[in-house]
Amino acid sequence: MVSDSKSSAQLPATATAAIARGSKVDAIKEVRAATGLGLLEAKQLVERYIAANPVLQEQFGQQATALKRRVIRWVVVIDLLIFAAILWWFLGR
C-alpha cells in the first residue's frame with residue numbers, strides 16, 4: 001500500500017492532467033502505464049489524490065450529480081414512450 005504522503009508524489013504528470021480534465025478513467029490508465037500497478041492499486045492511488053484535494057472532490061461530485069440527472073431524465077423519457085406505446089396498442093387499434 002502507498003501512504004497518503006507519497007500518493008501525490010507518485011502520480012505521473014499525465015495522470016494529474018487527466019484528473020484536471022475530469023477524466024478519472026484516463027488518469028487510472030496513465031498511472032497503470034507509468035507505474036505498472038494493477039487496476040485496483042492505480043484506482044486507489046488516483047482516488048487518494050482526488051480525496052486529498054477538496055477542489056477535485058467538488059468537481060467529481062458535480063460530475064456524478066449531473067450524470068445521475070441525465071440518467072433519470074432518460075429513464076423517465078423511455079418510461080413515457082413505453083407507456084404511450086402500450087396505450088396505443090390497447091386503445092388505438
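Colleague: Leaving aside its neighbours within four places in sequence, which residues is isoleucine 19 in contact with?

Modeller: Contact means heavy atoms within 4.5 Å. By that rule, and skipping neighbours within four places in sequence, isoleucine 19 touches Leu11, Ala27, Val46, Tyr49, Ile50, Leu56, Gln59 and Phe60. Bear in mind that this is a predicted model, where local features need pLDDT of at least 70 and side-chain atom pairs count only at pLDDT 80 or more, while totals for chains, interfaces and linings use all residues. Residues are numbered from 1 along each chain as its sequence is written, and side-chain values use heavy atoms, with hydrogens and water left out.

Colleague: How many helices and strands are there in the protein chain?

Modeller: Helices (H or I, at least four residues) and strands (E, at least two) are DSSP runs, numbered from the N terminus. Here you get five helices and zero strands, so the order from the N terminus is simply α-α-α-α-α.

Colleague: Okay, on to helix H2. Which of its residues are buried?

Modeller: Buried means under 20% relative accessible area, exposed means over 50%, and partly exposed is in between (1.4 Å probe, protein chains only). In H2, which covers residues 13–21, the buried ones are Ala15, Ala18 and Ile19. They sit on the same side of H2 because they span an arc of only 100 degrees around the axis; that arc is taken from the directions from the helix axis to the C-beta atoms. The face turned away from that side carries the exposed residues Ala13, Ala20 and Arg21.

Colleague: What covers the buried residues of H2?

Modeller: The cover includes helix H3 (24–35), helix H4 (39–51) and H5.

Colleague: How many residues has the largest nonpolar core?

Modeller: A nonpolar core is a set of buried Ala, Val, Leu, Ile, Met, Phe, Trp, Tyr and Cys residues joined through side-chain atoms within 4.5 Å. The largest one has 13 residues, and Ile19 is among those with the most contacts inside it, along with Leu11, Ala15, Ala27, Val31, Val46 and Ile50. H2, H3, H4 and H5 each supply at least two residues, and H4 gives the most, with four.

Colleague: How many salt bridges does the structure hold?

Modeller: A salt bridge is a side-chain nitrogen of Lys or Arg within 4 Å of a carboxyl oxygen of Asp or Glu. There are two. One joins arginine 21 to aspartate 26, with the closest N and O atoms 3.9 Å apart. Arginine 21 is exposed at 57% relative accessibility, whereas aspartate 26 is partly exposed at 32%. Glutamate 47 and lysine 43 also pair up, at 2.9 Å from N to O. Those two both lie in H4, four residues apart, about one turn of the helix.

Colleague: Last one: which residues make the nonpolar surface patch?

Modeller: Patches use residues with over 30% relative accessible area and no salt bridge; like charges are joined within 9 Å, and nonpolar side chains (Val, Leu, Ile, Met, Phe, Trp, Tyr) within 5 Å. Areas come from the Shrake-Rupley method with a 1.4 Å probe, and for residues only the protein chains shown count as cover. This patch is about 1,400 Å², made by Trp74, Val77, Ile78, Leu81, Ile82, Phe83, Ile86, Leu87, Trp88, Trp89, Phe90 and Leu91. Take isoleucine 86: it is found in H5 (residues 54–91) and is partly exposed, at 43%.
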